Amino acid sequence: MIRELSNDEFETGLLDGDLFDSNEPFVVRNLVSDWPLVKQAKISPENLREYLLDKSIDRAFTVSFAGEDVKGRIGYQSDMKINFRERQLPLKDIFRQMELAEDKPNQPLIYTGSIDVKKYFNGLFEENSIENLGRNPRAGLWMGLKTRVPIHNDFPDNLACNLCGRREFTLFPPGQFKNLYLGPIDYTPAGRAISMVDIDNPDYAEFPNYAKAEKEAKCVELAPGDVVHIPSMWWHSVRGLDGFNAMLNFWWREKPMLGDPDAALVHAIFSWRDLPEDEKRTWRELLDYYVFTDPERARVHIPTEGRGILSNLDGALSQKIRTFLLNTLNK
């Protein structure tokens with residue numbers, strides 16, 4: 001079960017600064033029920049859409065389409081091609097297509113996700129935000145029919161606020177990646193590697209270790225106004241349960257990322273994966289020494305002014321490392 005906090009516990013933890021320290025997910029019921037987004041949604045999905053149209057900037061929005069055959073699930077076809085197509089449309093046209101399909105028993109996939117509300121709407125963030133979150137979060141709007149987003153993870157901490165329709169989250173601890181049968185990391189539906197397992201109909205013959213991940217899964221259903229905190233690197237799938245669903249989420253990092261961990265992983269595959277086993281063991285030990293165990297031990301004997309890239313990371317050093325890496329890759 002996912003831990004549930006009261007509104008008071010959430011507010012106190014937010015002010016004390018220790019709310020997210022445990023790196024464990026939690027739920028708060030009715031935390032954002034007073035938002036205009038939720039109030040309009042509780043009247044009707046049409047009211048919510050009118051409110052969003054009134055706030056929207058006149059520009060094209062990215063929307064994903066697929067037929068009824070995918071049953072709302074974003075992912076791959078049997079030939080490993082992405083199973084949806086993207087278009088750029090005005091928001092009113094996207095909503096019109098959703099309205100035509102939201103009451104059908106067999107819906108097509110119509111989905112628009114991670115819309116940066118500060119860039120696509122006027123005043124929406126200001127009217128629908130959480131005070132004292134205090135980390136300059138990115139606010140993203142997600143809307144669709146009965147969409148099923150497969151298991152994936154994100155670097156930032158995530159506070160997902162349900163606005164319209166019921167939404168089901170299934171969470172897995174970070175270490176369960178070994179049992180999730182992840183797909184390619186460079187060709188993905190939305191920039192993150194996804195599990196190849198359909199959690200609504202898992203094929204245990206093809207993916208036997210998924211049964212181990214299922215034992216560690218934490219599931220929760222959110223009503224409009226409820227929120228769930230998904231810590232950094234926790235795997236999660238998201239399912240919209242009603243004809244039209246909407247969610248606003250906030251992403252942030254406790255510390256700024258000066259480098260790109262995804263790029264580091266790809267470069268590690270490129271540089272180390274196919275080395276002889278004895279060489280890989282040596283590189284693993286070097287990574288432990290410089291990165292994963294006690295980085296201070298690797299530099300304590302070097303005078304501060306001579307530590308180079310072993311110095312404390314800041315903007316200037318970050319740029320120096322980027323330049324060094326680009327020069328290395330371009331040789």
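Helices (H or I, at least four residues) and strands (E, at least two) were assigned as DSSP runs and numbered from the N terminus. The structure is a predicted model, in which local features require pLDDT of at least 70 and side-chain atom pairs count only at pLDDT 80 or more, whereas totals for chains, interfaces and linings use all residues. Residues are numbered from 1 along each chain as its sequence is written, and side-chain values use heavy atoms, with hydrogens and water left out.

Helix α9 spans residues 277-292 and includes Val291. With a relative accessibility of 45%, Val291 is classed as partly exposed (buried denotes under 20% relative accessible area, exposed over 50%, and partly exposed the range in between, with a 1.4 Å probe and protein chains only). Val291 belongs to a nonpolar surface patch together with Trp283, Leu286, Tyr290 and Phe292, and the accessible area of the five together is about 500 Å². Such patches comprise residues with over 30% relative accessible area and no salt bridge, like charges being joined within 9 Å and nonpolar side chains (Val, Leu, Ile, Met, Phe, Trp, Tyr) within 5 Å.

Helices α3 (residues 45-55) and α4 (residues 91-101) pack with axes 10 Å apart and an angle of about 170°. This angle makes α3 roughly antiparallel to α4 (under 35 degrees is roughly parallel, over 145 roughly antiparallel, 65 to 115 roughly perpendicular, and the rest oblique). Axes are lines fitted to C-alpha atoms, for helices over the stretch in contact, and angles run from 0 to 180 degrees between N-to-C directions. Arg49, Leu52 and Leu53 of α3 make the contact (heavy atoms within 4.5 Å) with Leu91, Lys92, Phe95 and Glu99 of α4.

The structure contains 18 salt bridges, each defined as a side-chain nitrogen of Lys or Arg within 4 Å of a carboxyl oxygen of Asp or Glu. One network of salt bridges links Arg73, Arg148, Asp198, Asp200 and Arg239. Within it, the closest N and O atoms of Arg148 and Asp200 are 2.6 Å apart. Because Arg148 lies in strand β7 and Asp200 in the loop between β9 and α7, this pair ties together parts 52 residues apart in sequence. Arg148 also forms a salt bridge with Asp198, at 3.1 Å between the closest N and O atoms. Arg148 is buried, at 12% relative accessible area, whereas Asp198 is partly exposed at 22% and Asp200 is partly exposed at 37%.

Notes
Areas by Shrake-Rupley, 256 points an atom, 1.4 Å probe, with all protein chains shown as cover.
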